[in-house]
Amino acid sequence: MIKHLALSSLVLLVACANTGAQDERRDVACAIITEFIAEEFDQASKPLFVTSEKPLVPRESNARATAYKVAPHPIEACPEVAKIRREKSYTPPYLALGEPPETSTDGLFYLCDTLSISLPLLDDDEESYKFEVVRVCGPLCAGGNTVTYRRQSDGTWRKDREEPSWIS
């Protein structure tokens, strides 16, 4: 469970922040994304590769899109995310060989899913964090979602919704 921390307005999360409020925002964002990624691995039905690339952010305001672009990747900002990636993430052999991913016998799906995530940002209401997730499962199989975690009355943060933003 993620504990309540005193938070102020939407501010870009910077990994090397030097103020207490920014450190608290980063800590909450890292706890949220760590919990989310751990659940993804627990629920995965095939190998999962967490990429170090950030997802594209469709349908967002200019300010939020800019914030996502300049925010560090969760692997860089959150030591626990980097640890999960090191210990659990499948590393596809095609990455080193420069080859296309292996597919299932019917050619519709990759043998592993690729997950791309952004660092959660505190929303304007100061009661929710949002982040983008993209899952690629095949040559013509992918989708993006906006995930929202909301502060609960007991001060914890819980996943509130996951809204599809695109699908292929």
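Predicted model: local features only at pLDDT ≥ 70, side-chain atom pairs only at ≥ 80, totals over all residues.
User: Ground rule: buried means under 20% relative accessible area, exposed over 50% and partly exposed in between, with a 1.4 Å probe and protein chains only. On that scale, is Arg151 buried or exposed?

Analyst: Arg151 is buried, at a relative accessible area of 13%. Residues are numbered from 1 along each chain as its sequence is written, and side-chain values use heavy atoms, with hydrogens and water left out.

User: Ok. Which residue does Arg151 meet in a salt bridge?

Analyst: Glu127, at 3.0 Å from N to O. A salt bridge here is a side-chain nitrogen of Lys or Arg within 4 Å of a carboxyl oxygen of Asp or Glu. Glu127 sits in the loop between β3 and β4 and Arg151 in strand β5, so the pair ties together parts that are 24 residues apart in sequence. Helices (H or I, at least four residues) and strands (E, at least two) are DSSP runs, numbered from the N terminus. Glu127 is partly exposed, at 34%.

User: How many salt bridges does the count come to?

Analyst: It comes to 12 salt bridges. Another is Lys46 with Asp113, at 3.1 Å from N to O. That one links distant parts of the chain, 67 residues apart: Lys46 is in the loop between α1 (20-43) and β1 (48-50), and Asp113 is in strand β2 (residues 113-117). Asp113 is buried, with a relative accessible area of 10%, whereas Lys46 is partly exposed at 25%.

User: Which residues are linked in a network?

Analyst: Asp125, Arg150, Asp160, Arg161 and Glu163 are linked in a network of salt bridges. Within it, the closest N and O atoms of Asp125 and Arg150 are 3.3 Å apart. Asp125 is partly exposed at 36%, and Arg150 is partly exposed too, at 25%.

User: Switching to sulfur: how many disulfides are there?

Analyst: Two disulfides, taking a disulfide as a pair of cysteine sulfur atoms within 2.5 Å. Cys30 is joined to Cys78, S to S 2.1 Å. Cys30 lies in helix α1 and Cys78 in the loop between α3 and α4, 48 residues apart. Cys137 and Cys141 form a disulfide with their sulfur atoms 1.7 Å apart.

User: Left-handed or right-handed, for Cys137 and Cys141?

Analyst: Left-handed, because the torsion about their S-S bond is about -70°. The Cys30 and Cys78 disulfide is left-handed as well, with a torsion of about -75°.

User: And the core? Which residues touch the most other members?

Analyst: Ile37 and Phe131, out of the 26 residues in the largest nonpolar core. Such a core is a set of buried Ala, Val, Leu, Ile, Met, Phe, Trp, Tyr and Cys residues joined through side-chain atoms within 4.5 Å. α1 gives the most to this core, with eight residues. Leaving out residues up to four places away in sequence, Phe131 touches residues including Ile32, Phe36, Tyr68 and Val147, contact being heavy atoms within 4.5 Å.

User: Last one: which residues are buried in α4?

Analyst: In helix α4 (residues 79-88), Val81, Ala82 and Ile84 are buried. What covers the buried residues of α4 includes α1 and α3 (74-77). The face turned away from the buried side carries the exposed residues Pro79, Arg86 and Glu87.
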